[in-house]
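Biologist: Let's go through this model term by term. For each label, I want the value and the cut-off behind it.

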Amino acid sequence: MQTGEPKSHSSGSKHLDWLLLVTLTLIALAARLVPGERTVDDAYITFRYARNLLEGRGFVYNLGERVLGTTTPLYTLLLAGAALASGSRDFPALALEINALAGALSVVLLYVLGKRFAGHRAPALAAALLWAVTPYSATFAIGGMENELTIGMLLACVSG
């Protein structure tokens, strides 16, 4: 007669998974927030669209010119919404915060997916940790662009 899950899947194992997820999340956040903003020039296009939208001027870059010149309309709307909700108009800081959270979400999802597909904690931990600290992901986050959000959304879709 079975009395439940094997010992390896006990509550201790679940606690270890939670501890790893919290640790990975903190590492990902630190890797993105500690360097601070290093905003790239293209991000300012998105910031200007978000500011104009927020100020009631419409989804435009230049007033009176109804041309969609941003490649990131969803990210622009997210930035405008974050600015509206927070009262902040510091778009580089808002972008960094959104990107840091999206990067942390990506790390969590990589761990979950890695564990699901590999069946073991070690490869899941390796994949998540590598993404948490890889220079490319941190650079995208601090640059103010939408890459972290896009990757997080793609991983969420795969996670189902």
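Biologist: Which residues is L155 in contact with, leaving aside its neighbours within four places in sequence?
Modeller: L155 is in contact with S106, L109, L110 and L113. Contact means heavy atoms within 4.5 Å.

Biologist: What are the ground rules?
Modeller: This is a predicted model, where local features need pLDDT of at least 70 and side-chain atom pairs count only at pLDDT 80 or more, while totals for chains, interfaces and linings use all residues. Residues are numbered from 1 along each chain as its sequence is written, and side-chain values use heavy atoms, with hydrogens and water left out.

Biologist: What makes a set of residues a nonpolar core?
Modeller: Its members are buried Ala, Val, Leu, Ile, Met, Phe, Trp, Tyr and Cys residues, joined through side-chain atoms within 4.5 Å. The largest such core here has 17 residues. L155 is among those with the most contacts inside this core, as are L24, A28, V107, L110, Y111 and A128.

Biologist: Which helices each supply at least two residues of this core?
Modeller: They are α1, α4 and α5. The largest share, 7 residues, comes from α4. Another core, of 15 residues, lies apart from this one; F47, F91, A95 and L149 are among its members.

Biologist: Why would such residues gather?
Modeller: In soluble globular proteins, nonpolar side chains tend to be buried together.

Biologist: Why is Y111 called buried?
Modeller: Buried means under 20% relative accessible area, exposed means over 50%, and partly exposed is in between (1.4 Å probe, protein chains only). Y111 has 2%, so Y111 is buried. This residue lies in helix α4. Not counting residues up to four places away in sequence, Y111 touches D17, L20, L21, L24, R121, A124, L125 and A128. Y111 and A124 are 13 residues apart in sequence, with their C-alpha atoms 4.5 Å apart.

Biologist: What makes a stretch a helix?
Modeller: A helix is a DSSP run of H or I, at least four residues long; a strand is a run of E, at least two; both are numbered from the N terminus.

Biologist: R32 is an arginine. How do you know whether R32 is buried or exposed?
Modeller: Its relative accessible area is 0%, so R32 is buried. R32 sits in helix α1. Beyond four places in sequence, R32 touches L96, N99, A100, G103, W131, A132, S137, A138, A141, I142 and E148.

Biologist: And T46, buried or exposed?
Modeller: T46 has a relative accessible area of 4%, so T46 is buried. T46 lies in helix α2 (residues 41-54). Among the residues T46 touches, not counting those up to four places away in sequence, are T70, Y75 and L79.

Biologist: What makes the pair K115 and D17 a salt bridge?
Modeller: A salt bridge is a side-chain nitrogen of Lys or Arg within 4 Å of a carboxyl oxygen of Asp or Glu. For K115 and D17, the N to O distance is 2.4 Å. The pair links distant parts of the chain: K115 is in helix α4 and D17 in helix α1 (residues 11-33), 98 residues apart.

Biologist: How many salt bridges does this rule give?
Modeller: The count is 4. One of them joins D17 and R121, with closest N and O atoms 2.9 Å apart. R121 lies in helix α5 (residues 121-133), so this pair ties together parts 104 residues apart in sequence. R57 and E55 form another, at 2.8 Å. Salt bridges that share partners join D17, K115 and R121 into one network.

Biologist: Why do D17 and K115 get separate accessibility labels?
Modeller: D17 has 12% relative accessibility, so D17 counts as buried. K115 has 27%, so K115 is partly exposed.

Biologist: Why is α3 called roughly perpendicular to α4?
Modeller: Angles run from 0 to 180 degrees between N-to-C directions, and axes are lines fitted to C-alpha atoms, for helices over the stretch in contact. Under 35 degrees counts as roughly parallel, over 145 as roughly antiparallel, 65 to 115 as roughly perpendicular and the rest as oblique. Helix α3 (residues 73-86) and helix α4 (residues 91-118) pack at about 110°, with axes 10 Å apart. That angle makes α3 roughly perpendicular to α4.
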